[in-house]
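Open the model in your viewer and keep the selection tool at hand. This tour goes from one stop to the next, saying each time what to select and what is found there.

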Amino acid sequence: MTLSIAHLGPPGTYAEQAALAYLDLHSTPSTTLRPYASIARTIQSTAQGETHLTIAPIENSIEGSVATTLDTLWQCSDLQIRQALVLPIRHVLIAQTPNLQKIKAVYSHPQALGQCQRWLATNLPQTTAIATNSTTEALQYVQADPSAAAISSERAAQLYELPIVQRTIQDHPDNCTRFWVINQQKTADLPPVIETDQTYTSLAFSLPANQPGALLKTLQIFAERSINLSRIESRPSRRSMGDYVFFIDAEISAEQTTFHSALEQLQASTEVLKSFGSYPLVTIS
Ligand SMILES: O=C(O)C(=O)C[C@]1(C(=O)O)C=C[C@@H](O)C=C1
């Protein structure tokens with residue numbers, strides 16, 4: 001079987017780097033990397049059986065959650081997370097001109113623009129920031145326009161043979177992004193999970209009614225069992241104003257009986273409950 005891995009394209013994105021790092025952890029004989037134009041499309045491709053796996057960014061240490069990953073995961077059915085990867089993110093400024101004064105527009109993925117906003121305000125106050133679907137999509141503007149710059153990676157600059165004007169422009173030197181490796185629950189014969197001492201279980205739920213204490217009631221289920229939550233995030237349900245879907249990462253394996261009983265009780269206090277399974281986290285240096 002040729003393993004197909006969906007990632008945000010065009011080639012050279014950080015998501016592709018995460019896919020390559022994932023492959024480095026395994027000795028998978030035959031693999032195809034499949035770049036898609038949006039993060040939503042990558043996850044949908046796995047949900048629809050076009051690809052075996054998706055590697056999607058979920059959270060950045062400076063900019064926080066990648067909303068489209070959460071929203072698409074909620075909309076798709078029968079997906080699970082099998083591994084989390086944390087990757088260092090070192091941005092570079094790419095432009096045809098070495099003269100910062102001549103740059104009028106900076107293109108990049110909104111996450112990358114956000115991760116460099118202080119650097120941009122200090123060093124390129126005259127420029128307009130323009131969002132693109134990915135950091136490598138931004139490079140086509142640099143190829144076409146000498147007054148355009150892009151925020152992308154050193155690897156992407158090499159791949160597209162474009163000059164680097166400035167390195168390490170992210171607002172914090174230890175900038176990193178967490179990626180999830182996602183597959184359909186029923187897919188067999190996938191590369192083995194790399195076990196570590198950090199295992200998480202992620203789930204999402206909507207509440208039956210917007211009433212006082214509804215969220216507290218669900219959180220108490222974890223507190224009563226001493227299950228530590230490492231993240232809680234809300235996203236609009238898109239049904240009506242003030243109606244949310246809550247995403248939770250718990251520091252526990254879904255195989256533990258404590259988690260089973262928590263899930264059972266959650267079922268009774270939530271409207272729709274989705275568990276994305278358990279996965280170990282690997283940090284790539
Ligand atoms: O545009 C890319 O290169 C991506 O892989 C996307 C993405 C993101 O959405 O967070 C991935 C890692 C970095 O945080 C910046 C951008």
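Begin by selecting serine 226, which counts as exposed because it has 8 C-beta neighbours inside 10 Å; with C-beta atoms placed from the backbone, a residue is called buried if 20 or more other C-beta atoms lie within 10 Å of its own, exposed if 12 or fewer, and partly exposed in between. Serine 226 sits in the loop between H8 and strand E13 (229-236), where the names refer to DSSP runs numbered from the N terminus, helices (H or I) having at least four residues and strands (E) at least two. Although serine 226 is not a glycine, its phi is positive, at about 55°.

Before moving on, note that this is a predicted model, in which local features need pLDDT of at least 70 and side-chain atom pairs count only at pLDDT 80 or more, while totals for chains, interfaces and linings use all residues. Residues are numbered from 1 along each chain as its sequence is written.

Next, select helix H8 (residues 214-224) together with helix H9 (residues 257-269), whose axes come within 10 Å and cross at roughly 170°; these axes are lines fitted to C-alpha atoms, for helices over the stretch in contact, and angles run from 0 to 180 degrees between N-to-C directions. H8 and H9 are therefore roughly antiparallel to each other, a label used for angles over 145 degrees, whereas those under 35 count as roughly parallel, 65 to 115 as roughly perpendicular and the rest as oblique. Lys217, Thr218, Ile221 and Phe222 of H8 make the contact with Ala262, Gln265, Leu266 and Ser269 of H9, where contact requires C-beta atoms, placed from the backbone, to lie within 7 Å.

Now colour the domains, which are domain 1 (3-89 + 175-184), domain 2 (92-166) and domain 3 (199-279), with bounds that come from an automatic or database domain assignment. Between the C-alpha centres of domain 2 and domain 3 there are 39 Å.

For the following stop, select the open sheet of 5 strands, which has mixed pairing and the order E8-E7-E9-E6-E10; two strands pair if DSSP finds at least two bridges between them. Which strands stand at the edges? They are strand E8 (128-131) and strand E10 (164-166), each with a single partner strand, so one side of each is left without a neighbour in the sheet. Within this sheet, neighbouring strands are turned by 35° against each other on average, direction ignored.

Zoom in on strand E7 (residues 105-108), which pairs with strand E9 (residues 148-152) in the parallel sense over 3 bridges, and which is also joined to E8, again running parallel, by 4 bridges. Alanine 105 has threonine 128 as its bridge partner in E8 and stands opposite alanine 148 in E9, while tyrosine 107 stands opposite alanine 150 in E9.

Select phenylalanine 179 in strand E11 (residues 176-184). Is phenylalanine 179 buried or exposed? Phenylalanine 179 counts as buried because it has 28 C-beta neighbours inside 10 Å, and the residues it touches, leaving aside those up to four places away in sequence, include Ala15, Ile55, Pro57 and Leu85.

Finally, select aspartate 189 in the loop between E11 and strand E12 (199-206), which counts as exposed because it has 7 C-beta neighbours inside 10 Å. Aspartate 189 is not a glycine, yet its phi is positive, at about 60°.

Key. Contact = placed C-beta atoms within 7 Å.
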